[in-house]
Amino acid sequence: MPDTALSPAPEARAGFPIEEALCEIVSNDAVNAEYRLMIARAPEAALRARAGQFFHLLCPATEAGQPFLRRPMSIYRIDRARGEIGFLYKVTGKGTRGLATLRPGETLNALGPLGRGFTLPQGTRHVMILGRGVGLATMAPLARLAAESGAAVTAVLSARSPELVMSRAELAAAGARVIEVVDTDGSSAPEEMEPHLTALHDERAFDYIATCGSNRLFRLARGLARSWGITGEIALEQHMGCGLGMCYACVIPVALPGGGEEYRRVCWDGPVFTLEEAMGW
Ligand SMILES: Cc1cc2nc3c(=O)[nH]c(=O)nc-3n(C[C@H](O)[C@H](O)[C@H](O)COP(=O)(O)OP(=O)(O)OC[C@H]3O[C@@H](n4cnc5c(N)ncnc54)[C@H](O)[C@@H]3O)c2cc1C
Ligand code: FES
């Protein structure tokens, strides 16, 4: 299937060549009541994954049967020195329940790296990460990418309650200043966050915003980016079939610069889109 004219050039996809990697599980442990962290040894091609890219995972069979389709999972950790990749996942259904059964020494079949990841503009000095829930899995490598390019990172992590705040340690280890907001005390409400984020911007101006995991956060991020005159991106999720741009199961409408809409494939044209392209949900 040919690319659309608006598809990013292949060279923008640092993940080529895409491979079906057989990765030995190192660990696969619960991090809280809902989420698990799976670390696996990965071959060279998989270690070339970039922030915002994902793998399509073959999920083992359980008593509920073998999931027919692979399941998309963002790259959470890329440790090139140790030759390991990591996935932070929420156990929600048949596929992720299967992933949760994998034990150290067993094999994970991971197709990837796939999709278009984050693109930090040249000269970015201060990155704002605004994320919620499992969407934050995709943000830890972005914080590392920003740190490597000399940018400071402020990560605002939103969750229902303090014990469900994800990726705190991973983002702090990447050098990010971490701020937590939660539903239980109302601090995660957009009307509470807006003045807080504006004060942070006044203190040290942001020049790029990355968001994920929440429509409310997306709208807040887009509004702030517009009023501050900066760019930003969002990592989107969609149900997937092939994960390779061929089946069009994952299309979403995006806004075109001159007005109007066009459908794009989340697996191939994304999962990272600009804040101006994304339409929310
Ligand atoms: C690019 C991408 C990256 C992702 N990264 C992560 C990640 O890092 N960690 C993580 O936990 N999850 C991630 N997801 C979501 C993950 O793929 C789904 O949770 C998983 O496929 C569910 O499979 P399942 O068989 O366990 O559940 P299912 O039985 O298939 O579904 C359980 C519930 O989750 C919903 N669901 C399933 N797939 C999706 C999806 N793609 N988007 C939205 N809702 C869905 C279903 O509608 C249903 O309500 C990502 C999705 C995409 C597209
Ligand atoms: S999942 Fe097949 S084109 Fe995106």
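This is a predicted model: local features need pLDDT of at least 70, side-chain atom pairs count only at pLDDT 80 or more; totals for chains, interfaces and linings use all residues.
Local features need pLDDT of at least 70 and side-chain atom pairs count only at pLDDT 80 or more, while totals for chains, interfaces and linings use all residues. Residues are numbered from 1 along each chain as its sequence is written, chains are lettered from A and ligands numbered from 1 in the order in which they are written, and side-chain values use heavy atoms, with hydrogens and water left out.

**Largest pocket**

- The largest pocket holds about 1,200 Å³ of space. (A pocket is an open set of points on a 1 Å grid over the protein atoms alone, where a 1.4 Å probe fits, with protein on both sides within 12 Å along at least five of seven lines; its volume is the space filled by probe spheres set on the points, which are joined across faces, edges and corners.)
- Its lining (residues with an atom within 4 Å of a point) runs to 43 residues, and P72, V134, L236, E237 and Q238 lie nearest the centre.
- Two or more lining residues come from each of strand 4 (71–74), strand 6 (84–90), helix 2 (94–99) and strand 13 (251–255). (Helices, H or I with at least four residues, and strands, E with at least two, are DSSP runs numbered from the N terminus.)
- Strand 4 gives the largest share, four residues.
- By type, the lining splits into 22 nonpolar, 13 polar and eight charged residues. (Ala, Val, Leu, Ile, Met, Phe, Trp, Tyr, Cys and Pro count as nonpolar, Asp, Glu, Lys and Arg as charged, and the others, Gly among them, as polar.)

**Second largest pocket**

- This one comes in at about 260 Å³.
- It has 13 lining residues, with I78, R80, P141, R144 and E148 closest to its centre.
- Strand 5 (77–79) and helix 3 (140–148) each supply at least two of the lining residues, and helix 3 gives the most, four.
- The lining has six nonpolar, no polar and seven charged residues.
- The pocket lies between domain 1 (19–114) and domain 2 (126–235), because both give residues to its lining. (The domain bounds come from an automatic or database domain assignment.)

**Ligand 1**

- Ligand 1 is surrounded by 20 residues (a heavy atom within 4 Å), and R71, P72, K90, G95 and T96 are the closest.
- Taken alone, ligand 1 exposes 860 Å², and the protein buries 75% of that. (Areas use the Shrake-Rupley method with a 1.4 Å probe.)
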